[in-house]
Structures are given as structure tokens and as C-alpha cells.
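Here are my notes on the aromatic residues and the packing around them. Have the model open while you read.

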Amino acid sequence: MDCGILTSKSVLLLLSLIFWAAGAALAYVGAYVIKSYNNFTSFLEDKSTMIPAAIIIGTGLLMFIFGLVGCCATLRESKVGLSFFLLIILLIFAAEVAALVLGFIYQGKIKGSLGPYMIQVFQKYDGNNSQSDAVDHLQSQSQCCGVYSSANWTTTTWYSSHNNTVPLSCCKNHTDTVCMGRLDQPELLYNKGCEPQLVKFLQDVLSYAMLVILGFAIIKFFGMLSVCVITCKTGNRRSGYQPLYA
């Protein structure tokens, strides 16, 4: 067997196996991104930031089926099957590139749009509604207080109606009865704002997803080259042409 075909078939068989593994990995990454964003959905006005995650999950599910197609087409050296597999790889490659581009776009949009909407959510804090639960969860999990600093609470209804105190979720030790949420006890409160913490977390999640997509896109590129090599070599062999060596 021609060395080029053998190498290309090995790459494609490996690619088919990677398709199955990648399908599971991409589905997990997409679900992880959506789950991470859903934890802070109260602070996200623009829900379109989850579009890249939806593309990732859809791509992952399709890759399970396409991995089987690629494996069969490679073993049989079917020109039709390989052409179909090449089309599949091209479509998935295009979807991954689209997810990468959207990821870059939304990664930049997070910082600009998050702060103003968070201020609105913090203004509605009353300690009882679902938005209040989201604020408490964010402050305790991210170890932060206020949108940009604890001073942001001074403009809220909660602060003026609760003896000029901030929610206890701002306290470093929630079970410590010494912390009453007073701003004149800064050593007992978290000193970081929540907006930078949340921006960093969401951008890190998106960066992780984009890194995974980039890795799989590079693999798809080599897969497309391998399909072209097998198709050309097989076509020459079946047409009766033999390579001319010097």
C-alpha cells in the first residue's frame, strides 16, 4: 500500500475516533459553559452570549454520527463516502470557526455590558426575591461586595432602610456575629467589587471553551488534507495511472 495512503488512512481512522471523543468533550464543554452562565443569569441582560455554547453542543452531538461515517468510508476507500466525510469536516470546521469568532465578540461584550445591568439588579435587592438570592450567591461565592466596591451599596434602598448596612453576604465570615455589614468595619467585609470578579470568571469560561474548539479545528484541518490525499491516490490507482519515479 502506498505510504501516503497508509498514513492518510491512519490519520482519518484516528480522526474518526477523535470525533467520538470530541463529540463527548464538546457536549461537556457546551453544557459547562451554559451551566456556568446560568448560575449568574440574573446579571446577564444579553442572553446571546450563550450562542457559542449552543453551537458547541450541536456540533458535539453530530460528531458522534459522523465519526462512524468517516471510519467506514476510510476502511472501504469509498470515494463517495470520503467526499461526504470531507463535506462533514468542512461544515464542522466552519461551525467551530463561527463559534470562535462569536466567542471573541462576546468575550469583549461581557465587560462593557455587565456593569450597568448589575447595578440595576443590586438596586432591586430586598433580601427576599430571586435577584437578592443571586446577589448573595455572587457575593459569597466570588468573595466580593457591591458592583465595583462596597461603597456602591450606599445608593441602594436596602442600605438606607437597614441602618446604613450592607447585606451579610458581604461579610468575610457569614457566621461571625461581629460582622453587622457596617462600612466602618472594612476589615470584616470583602474589599473587592463583584463586577471584575464576574467578568473574569465568565471570560475564563469562554476562553477555556474557545481553546478546546481551536484544538479540534486544527485536527479537522489535517483531516481534510488526509481525505484529499486518499481521494487523489485512490482515483489515480483505479484509473490505471501509476506514479512516475525518477
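1. Start with Phe122: at 3% relative accessibility, phenylalanine 122 counts as buried. Buried here means under 20% relative accessible area, with exposed over 50% and partly exposed in between (1.4 Å probe, protein chains only). Tryptophan 153 is buried too, at 0%.

2. A caveat on provenance: this is a predicted model, where local features need pLDDT of at least 70 and side-chain atom pairs count only at pLDDT 80 or more, while totals for chains, interfaces and linings use all residues. Residues are numbered from 1 along each chain as its sequence is written, and side-chain values use heavy atoms, leaving out hydrogens and water.

3. Searching the whole structure turns up three aromatic pairs. Rings of Phe, Tyr and Trp (its six-membered ring) pair if their centres lie within 6.5 Å; planes under 30 degrees apart are stacked, over 60 edge-to-face, and the rest tilted. Phenylalanine 122 and tryptophan 153 have ring centres 5.2 Å apart and planes at 50 degrees, so this pair is tilted. Phenylalanine 122 lies in helix H3 (residues 79-123) and tryptophan 153 in the loop between helix H4 (130-142) and helix H5 (157-161), so the pair ties together parts 31 residues apart in sequence. Helices are DSSP runs (H or I, at least four residues), numbered from the N terminus.

4. Next, tyrosine 125 and tryptophan 158: their ring centres are 5.0 Å apart and the planes sit at 85 degrees, so the pair is edge-to-face. Tyrosine 125 is in the loop between H3 and H4, and tryptophan 158 is in helix H5, so parts 33 residues apart in sequence are tied together. Both residues are buried. Phe122, Tyr125, Trp153 and Trp158 make up one aromatic cluster.

5. How do H3 and H4 pack? Their angle is about 115 degrees and their axes are 9 Å apart. Axes are lines fitted to C-alpha atoms over the stretch in contact, and angles run from 0 to 180 degrees between N-to-C directions. Met118, Val121 and Phe122 of H3 meet Gln131, Val135, Leu138 and Gln139 of H4, contact being heavy atoms within 4.5 Å.

6. Finally, the largest nonpolar core has 53 residues, of which Phe19, Met118, Phe122 and Trp153 touch the most other members. Such a core is a set of buried Ala, Val, Leu, Ile, Met, Phe, Trp, Tyr and Cys residues joined through side-chain atoms within 4.5 Å. H3 gives the most to this core, with 14 residues.

Key: Helices (H or I, at least four residues) and strands (E, at least two) are DSSP runs, numbered from the N terminus.
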